[in-house]
Amino acid sequence: MKILIKVFLALFVTVLFSACSTDNPINVQVWGSLGDGCGQFNEPFDIAVDKRGFVYVTDVRNKRVQKFTESGEFIMFIGQDLFEKPSGIGIGLHNTVWVTDYDLDQIFQFNANGDLLTVWGNAGDKLGEFESPVDVAVNGAGQVYVVDQYHHRIQVFTPDGHFIRTWGKQGKVNVVRSALNFIVTDGHKGEFYYPSRIVIGLDDRVYVSDAYNNRVQIFDASGSFLQSIGGIGLWGGRFRVTSGIAVGKNGNLFVADFYNNRIQHFDRSGHFIEAWGGTENQSNKLSGPTGVAVNQDGQVYIADWGNHRIQRYLLHNPN
């Protein structure tokens, strides 16, 4: 009985806190529609913003990356005739653009003008090999972190593709334990069940969307576990499949909550701040968001996968 009371109180407080978070970000812009023209998308999957404010989007079914100004004006296509299924995208040193190809099991690097610089990677089970690399991030030293999804691990490389280290293995969190992990730990620290996204934040902390464990795990640069955020659920701070993640310059975390059709915002300690989104096909609603990025001014860009478009939000208090 005491456990049930604790569960009820925890749920009540969390839902009440979520309901009070009504001061949602302002939707300032939407661009894109289903198609294969400039500025059109067929499943925009991931999004990144470089330090100059340019926006890059992996346009999966059109087999390309698109580059835009910060206000959504089309600039160029990148990687046409190179990709089979471009998925994750990240910005490296000197505003280089890194892209994972989910089907080719390869990693591509381009300069900001769209010129191919390097390509490496191959399919396999050995260290340094991939089975569906789904995302990529680059730290301040230029090391390349890759989410090797079907091997349930993170692999780290030099910029030219030489293997450095890896961590993680398959580990499925029990759904009941996930739902009640504010009472009983869900375990499986440093293990993943189809990880989907990666981003590197302040102090080279590594954030990984542990998608089907419905959480975000945080590690230091070497892969040592630090913290877990989330668990399965509908209320604020809980997820139904974590997807895109981004860290603002103040360390705040933004997470695309795929089946709840929303973005969730946490402070640098992992405390829930707010959530926004929905399912209606309106300018301020989301349908299966899969990518999120934050620019230098704290504006949030979202790959609205189900609606084949990009949305840009202005936070009320980006700091």
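Glu191 counts as buried because its relative accessibility is 16%, where buried means under 20% relative accessible area, exposed over 50% and partly exposed in between, with a 1.4 Å probe and protein chains only. You'll find Glu191 in the loop between α2 (175-179) and β14; helices (H or I, at least four residues) and strands (E, at least two) are DSSP runs, numbered from the N terminus. Setting aside residues up to four places away in sequence, Glu191 touches Lys169, Gln170, Gly171, Asp210, Asn213, Arg215 and Gln217, a contact being heavy atoms within 4.5 Å.

This is a predicted model, where local features need pLDDT of at least 70, side-chain atom pairs count only at pLDDT 80 or more, and totals for chains, interfaces and linings use all residues. Residues are numbered from 1 along each chain as its sequence is written, and side-chain values use heavy atoms, with hydrogens and water left out.

Now for the nonpolar cores, sets of buried Ala, Val, Leu, Ile, Met, Phe, Trp, Tyr and Cys residues joined through side-chain atoms within 4.5 Å.

| Core | Size | Residues include |
|---|---|---|
| Largest | 16 residues | Tyr145, Ile154, Trp167, Ile198, Val206, Val208 |
| Second, separate | 13 residues | Val199, Tyr207, Val247, Phe272 |

Beyond its neighbours within four places in sequence, Val208 is in contact with Ile154, Phe192 and Ile245, among others.

Zooming out, the protein chain has two helices and 24 strands. Of its 319 residues, 55% are buried.
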